[in-house]
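Dear colleague,

I am handing over the structure below, and my notes on it follow.

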Amino acid sequence: MDERGYPKLPSRPSLTDLRGAVQRCRACDLWAHATQGVFGEGKRTAKVVFVGEQPGDQEDTLGHPFVGPAGRILDDGLAEAGIDRSTVYVTNAVKHFKWKPAPKGKRRIHEKPNAGEIAACRFWLETELTLLKPRLIVALGATAAQALFGRTFKVTKQRGKPVETPLAAHGIATVHPSSILRAPDEASRREEYRAFVKDLKTVARLMAEH
């Protein structure tokens, strides 16, 4: 463990090495209240990487990214856009679940990670992307987009539009699928989902170009 709280890695780490090491990370305090670190998953040869904010309650319990309600929205959107999820890689900007207890009951309520927590986890995200060498990075939501493309990036203004990034040939952002679930009514959810699929179809076109 170095002075910043990162575990020692081999000189040429693999994704398996990173997945194991993230369990020992102490670079911020989120590990203390999470069940486990949740690393990215998907094809090692994937040319497209989807990056969300952080694991949710089910992801924290199961140890896999995008397996909860938001993951099901992502799966549906990918299928409708003609993207096979088995060909892509999914991960998060922050690897541990940040939460607070519900006022009543045992439910754990998601809390947005702060700038320090996002910065602490950037080491893992950048190392992951360096190994994967994707052609396209897709940010899901504002936290991921700002972690990847800069703190001034606005998903509301720039969603669905390719942007330059040193991390890949192209970057693009859309909303996080969990935001669709939070829409106030069924009509709003349908509208938000259609816009999400439209962005994913842009991703599919960029994938086809590569």
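Between which strand and which helix does the loop with Q54 lie? Q54 sits in the loop between strand 2 (48-52) and helix 2 (57-62), where helices (H or I, at least four residues) and strands (E, at least two) are DSSP runs, numbered from the N terminus. This is a predicted model, in which local features need pLDDT of at least 70 and side-chain atom pairs count only at pLDDT 80 or more, while totals for chains, interfaces and linings use all residues. Residues are numbered from 1 along each chain as its sequence is written, and side-chain values use heavy atoms, with hydrogens and water left out.

Q54 is buried, at a relative accessible area of 7% (buried means under 20%, exposed over 50%, partly exposed in between, with a 1.4 Å probe and protein chains only). A polar atom of the Q54 side chain lies 2.7 Å from the backbone nitrogen of K98. Leaving aside neighbours within four places in sequence, the residues in contact with Q54 (heavy atoms within 4.5 Å) include N92, H96, F97, K98 and E111.

The axes of helix 4 (residues 115-132) and helix 5 (residues 142-149), which are lines fitted to C-alpha atoms over the stretch in contact, with angles from 0 to 180 degrees between N-to-C directions, come within 11 Å and cross at roughly 70°. The two helices are therefore roughly perpendicular to each other (65 to 115 degrees; under 35 is roughly parallel, over 145 roughly antiparallel, the rest oblique). In this contact, I118, R122, L125 and L129 of helix 4 meet T143, A147 and L148 of helix 5.

Best regards

Technical notes. Polar contact = N/O pair within 3.5 Å; in protein donor to acceptor, adjacent residues only side chain to side chain.
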